[in-house]
Amino acid sequence: LYTDPHCNGKQVIVHLFEWKWTDIALECERFLAKKGYCGVQVSPVNEHVMVTKDYPRPWWERYQPVSYKLTSRSGNEAEFIDMVQRCKKVGVRVFVDAVVNHMAGLGRTGTGTAGSTFNSDNYDFPGVPFSRQHFNTRARCPSHDGNVNNYGDPNNVRNCNLVGLTDLDHSQEYVQDMIAAFFNHLIDIGVAGFRIDAAKHMWPKEITAIQNKLKDLPEGGRPFFYHEVIDQNDGAITTTEYTALGYVTEFRYCQKIAWGIRNFGDLNNVVDYGWHMTPSANAFVFVDNHDNQRGHGGGGNLLTHKTPRDYKMAVAFTLAYDYGFTRVMSSYEFGDDSSLGPPHSADFTTKDVPINSDGSCGNGWVCEHRWRAIANMAAFRNAVAGTDKRKWHNENEQVSFARGNKGFFAMAKSGHMDATLDTGLPAGEYCDLISDCAQKITVDGSGRAHIVINNNDDPIVAFIAVPYN
Ligand SMILES: O=C(/C=C/c1ccc(O)c(O)c1)N[C@@H](Cc1ccc(O)cc1)C(=O)NCCCOc1c(-c2ccc(O)c(O)c2)oc2cc(O)cc(O)c2c1=O
Ligand SMILES: [Ca+2]
């Protein structure tokens with residue numbers, strides 16, 4: 001039901017993590033639309049705390065709501081509306097990162113980014129308004145100190161404070177109404193769907209109750225939902241509890257693909273069923289995300305932009321493969337400071353995203369979504385949507401496969417490949433997408449092609465059945 005992203009069959013969204021609304025609008029118009037990206041996941045749009053005392057303005061302050069007013073570190077409501085409209089106008093949809101499991105963390109008080117006062121210890125958030133009665137109590141939370149401390153007990157995981165964050169009681173109609181009003185306001189603006197942050201800490205039936213209060217999108221259809229459920233076979237909560245509510249994040253894939261690229265054997269097993277991975281029709285898939293790229297939730301053995309060559313291969317393979325709906329991460333440099341906020345000026349205003357002449361980004365923005373081996377694979381994934389894997393080869397640290405008779409993908413870890421392969425594609429001359437058609441591939445009458453890779457930076461060849469005549 002909640003699995004249509006409303007972007008005309010396009011298959012990849014980009015997480016422009018911590019970007020300002022003004023920069024996202026420009027990126028939709030100058031890049032995302034023409035590369036065939038379906039949409040953009042934006043950072044939380046609602047009012048949040050401004051952390052100064054224990055750390056100067058960490059990225060995770062945006063995950064401590066103060067109200068559902070639309071002024072945040074990325075800009076104000078007018079800028080947000082302008083961005084959503086401009087992106088939608090060029091066919092790029094906007095998906096909002098919705099932090100609705102909790103409000104700000106205990107011990108915090110003051111004013112939020114929209115100027116609302118709050119006091120977490122009193123559970124007082126007049127900007128919504130929420131007060132003590134709207135939050136879970138010790139009666140509902142089976143833990144000695146009120147915090148989540150037992151992932152084996154669903155009541156503990158859902159009804160207690162996650163790392164001291166004031167936990168809302170979504171069993172109450174009033175709480176559901178406040179969140180639904182927030183979502184409906186965003187639907188009116190033109191937002192196409194929502195990432196439910198910390199969904200694992202919310203009861204599926206209470207998320208459903210909120211979804212049932214939402215309008216259809218203005219163009220018709222239900223909003224797109226994907227739920228953040230960190231399930232690594234390590235607790236009582238499983239992704240399957242949420243598949244009736246939309247897509248569900250598949251964190252096990254992050255480990256699998258990292259192993260697959262490092263070992264380059266058995267790549268067909270990145271979705272091996274031994275790990276109970278979420279069925280493809282409901283799997284929301286990515287190589288890394290804003291949290292685990294910093295070493296949380298999944299350990300340090302994941303692939304990130306910090307090892308560009310392996311990372312490019314991981315993302316390109318993920319976009320070529322036939323598993324799930326995919327998201328590409330777009331980061332900023334943070335060195336080894338896992339709390340570091342976005343690139344900023346002295347007063348902590350987030351810096352603009354300048355585009356260099358070679359298409360890369362400046363000011364500390366990594367822009368992985370602009371790397372050719374990643375950006376050009378969005379068009380591949382769009383073209384082969386709905387097809388199966390065929391002609392599979394995976395040996396000598398090489399992998400190649402067709403997607404139906406719509407596309408062909410080859411990758412060589414060494415940077416070198418020279419093979420005549422059966423592609424199953426119609427005869428014709430094709431553009432290699434990765435080299436922006438600097439290289440062309442001829443498929444003969446029997447569907448065979450001579451595949452050559454001699455490129456250490458982008459050791460990939462990918463083409464789709466739109467023959468370049
Ligand atoms: O590292 C962080 C923030 C991480 C984070 C933020 C947003 C996410 O969507 C996310 O997945 C993780 N936060 C830092 C700093 C911090 C922030 C708030 C706080 O009360 C205490 C500390 C940190 O060290 N957090 C403890 C480890 C990460 O524990 C967090 C998890 C989390 C991690 C692993 C799990 O299996 C899980 O079910 C939940 O989800 C959050 C969701 C939020 O909405 C806000 C949070 O603060 C957090 C969050 O702290
Ligand atoms: Ca909860």
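Reader: Tyr 247, buried or exposed?
Author: Buried, because its relative accessibility is 10%, and the cut-off for buried is under 20%. Bear in mind that this is a predicted model.

Reader: And which ring does Tyr 247 pair with?
Author: Phe 325. The ring centres are 5.7 Å apart and the planes stand at 45°, so the pair is tilted. Tyr 247 is in strand β10 and Phe 325 in strand β12, 78 residues apart. Phe 325 is buried too, with a relative accessible area of 3%.

Reader: How many aromatic pairs are there?
Author: The count is 39. One of them is Tyr 226 with Phe 284, whose planes are at 10° with the centres 3.9 Å apart, so that pair is stacked.

Reader: What sits over the ring of Tyr 123?
Author: The charged end of Arg 132, 3.8 Å from the ring centre. Tyr 123 also belongs to an aromatic cluster that includes Phe 118, Phe 125 and Phe 183.

Reader: Last one: how many residues are in the largest nonpolar core?
Author: 113, and Phe 80, Phe 183, Phe 317 and Phe 409 have the most contacts inside it. Another core, of 16 residues, lies apart from it and includes Phe 408 and Met 417.

Key. Residues numbered from 1 in each chain as written. Chains lettered and ligands numbered in written order. Predicted model: local features only at pLDDT ≥ 70, side-chain atom pairs only at ≥ 80, totals over all residues. Heavy atoms only, no water. Core = buried A, V, L, I, M, F, W, Y, C linked by side-chain atoms within 4.5 Å. Buried < 20%, exposed > 50% of the residue type's maximum accessible area, 1.4 Å probe, protein only. Phe/Tyr/Trp six-rings, centres within 6.5 Å; stacked < 30°, edge-to-face > 60°. Helix = DSSP H or I, 4+ residues; strand = E, 2+ residues; numbered from the N terminus. Lys NZ or Arg CZ within 6 Å of the ring centre and 35° of its normal.
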